[in-house]
Amino acid sequence: GDMTKFNSAIEYYIFNVLLMCLLIFEIIYFLLLQRSKQNRTEKIDTRDLGTKWLLYLNFVFCLIISFLCISQKAPFCIRELTLPAYFAKIGMLIIAVGICIRIKAVLTLKKAFTLKFQISKEQQLITNGMYKFVRHPAYTGSILSLLGVSIALKNIPAILIVAICSFVCYQIRINVEEAVLQKYFKEYNLYKEKTYKLFPIYIKIADVLEITLVMVLT
């Protein structure tokens, strides 16, 4: 990255540390999933429809476009469409929050977490922790992290492209995933009515306190 894109060297190094954490965690997730394939029990549904690779491509594309839009190779009219400097701090905070949400979601799912969507015979519907409020918090974390990178770099076209691509790709994935969940879990429709898909539209004060307690105690 270009240090001149940030207000200080500290901001520059913090951004790069967060970016490395994001990449390392995604690589770890991938390697753990590859290793766990041999230990998985009999599956009753492994429908994926290629959405796993769609998420991989979206992740790589969003990072590339975030940096490409601020590079000297980008047209001047795109490169100069930027947000105020303080958005770098906001973006880095969003990256950190996104990483934490994704880690927490994966730890809650444990063995049930997989990018190649599948249902096993002994699998149960996870509705505790963050899943009590949001149905796909791991995807929420990924979207926030990718948006955070583009916001930290302060380029408006990049932010719009990342937002649109991420929401479209994850919506496609969620449609496939929820179709299978509704088929194998009778209680999923009721669970769906009581929760948000990715981001709560609004959260009452009582809900905020409950979420905080859940995060602390679990």
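Author: Leaving out residues up to four places away in sequence, R79 is in contact (heavy atoms within 4.5 Å) with C69, I70, S71, Q72, A74 and N155. This is a predicted model, in which local features need pLDDT of at least 70 and side-chain atom pairs count only at pLDDT 80 or more, while totals for chains, interfaces and linings use all residues. Residues are numbered from 1 along each chain as its sequence is written, and side-chain values use heavy atoms, with hydrogens and water left out.

Reader: Is R79 buried or exposed?

Author: Buried means under 20% relative accessible area, exposed over 50%, and partly exposed in between, with a 1.4 Å probe and protein chains only. R79 has a relative accessible area of 16%, and therefore counts as buried.

Reader: Which residue caps the N-terminal end of α6?

Author: Helices are DSSP runs (H or I, at least four residues), numbered from the N terminus, and α6 covers residues 156-184. A side-chain oxygen lies 3.0 Å from the backbone nitrogen of A158, and the residue that supplies this cap is N155.

Reader: How are α2 and α6 oriented, roughly parallel or roughly antiparallel?

Author: Axes are lines fitted to C-alpha atoms, for helices over the stretch in contact, with angles from 0 to 180 degrees between N-to-C directions. The axes of α2 (residues 51-68) and α6 come within 10 Å and cross at roughly 175°. Angles under 35 degrees count as roughly parallel, over 145 as roughly antiparallel, 65 to 115 as roughly perpendicular and the rest as oblique, so α2 and α6 are roughly antiparallel.

Key:
Helix = DSSP H or I, 4+ residues; strand = E, 2+ residues; numbered from the N terminus. Expected span 1.5 Å × (residues − 1). Polar contact = N/O pair within 3.5 Å; in protein donor to acceptor, adjacent residues only side chain to side chain.
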